[in-house]
Amino acid sequence: DNRNLNSVYFTGTTNGFAVADGGYVYSSMDGGDTWMGTEVQAGRNLNAINFVSTSTGFIAGDRGTVLKTENGGATWSVLSTGTFDDLYAVAFKDAMKGIAVGQNGTIISTTNGGSSWTDVTPAINSRGLNGVHINSDESVFAVGNNATILKSTDFGDTWVAQTSSATDNNSLYSVFFRNKNKGYAVGNGGFVEKTEVGRAHV
């Protein structure tokens, strides 16, 4: 089919998953040679997928959608997030603690594996957020439109805007940290931002 595929994650050398528009999840059990699609959330685009183990994974999607599997993707359950904003990224530190970000600067967090979610959207930002990363020390970075970079040192309870070398014309789509200090954010126009001190702008 010709659905847009928005995110992919492999839990090992053979088992992988891709999420797509229209509420579809595609799975492969042979290292990506073949894929099978299943509709798990009708009519809602699924934008990001993340696993914390071979059995437990999460999907974020439009209209506040978060899905969870505890059996390696065999089935997915719908979690109640309390938001109807589109969610573009999701990250989990472990099976319990996670954060999802999205439209209008929305940020939601959970400390119980997604059973309940708390809106921790900061008043300092209403720009869409496209990527999120959680470090081992529970510091969190979120990136988004118009060069937005946010940092939290208390697992999302409070956020501080970071200075970026990007301009308002740069939208940032993904962020990754190798450790609590060294990280990268990437965006449109080939833009790459690097930090080695745990904050933006080097």
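I shall speak about strands, aromatic rings and nonpolar cores, in that order.

The model is predicted, so local features need pLDDT of at least 70 and side-chain atom pairs count only at pLDDT 80 or more, whereas totals for chains, interfaces and linings use all residues. Residues are numbered from 1 along each chain as its sequence is written, and side-chain values use heavy atoms, with hydrogens and water left out.

Let me begin with strand 5. Helices (H or I, at least four residues) and strands (E, at least two) are DSSP runs, numbered from the N terminus. Buried means under 20% relative accessible area, exposed over 50%, and partly exposed in between, with a 1.4 Å probe and protein chains only. A hairpin of 5 residues connects strand 5 to strand 6, and leucine 46 has glycine 61 of strand 6 as its bridge partner.

Is asparagine 50 buried or exposed? Asparagine 50 counts as buried because its relative accessibility is 16%. This residue lies in strand 5. Not counting residues up to four places away in sequence, asparagine 50 touches Tyr9, Gly57, Phe58, Val90, Ala91 and Phe92; contact means heavy atoms within 4.5 Å.

Next, the aromatic rings. Rings of Phe, Tyr and Trp (its six-membered ring) pair if their centres lie within 6.5 Å; planes under 30 degrees apart count as stacked, over 60 as edge-to-face and the rest as tilted. By this rule there are 9 aromatic pairs. One of them is edge-to-face: phenylalanine 17 and tryptophan 76, at 6.5 Å centre to centre and 85° between the planes. The pair links distant parts of the chain, 59 residues apart, with phenylalanine 17 in strand 2 and tryptophan 76 in the loop between strand 7 and strand 8. Both phenylalanine 17 and tryptophan 76 are buried. Phenylalanine 58 and phenylalanine 92 form a stacked pair, at 3.6 Å centre to centre and 5° between the planes. Here phenylalanine 58 in strand 6 and phenylalanine 92 in strand 9 are 34 residues apart, and both are buried. Ring pairs also link Tyr9, Phe17, Phe51 and Trp76 into a cluster.

Finally, the nonpolar cores. Such a core is a set of buried Ala, Val, Leu, Ile, Met, Phe, Trp, Tyr and Cys residues joined through side-chain atoms within 4.5 Å. The largest has 14 residues, and those with the most contacts inside it include Ile99, Val101 and Trp159. Strands 9, 10, 13 and 14 each supply at least two residues of this core, and strand 13 gives the most, with 3 residues. Apart from this core lies another of 11 residues, among them Ala48, Leu79, Val90 and Trp117.

Note on methods. Two strands pair if DSSP finds at least two bridges between them.
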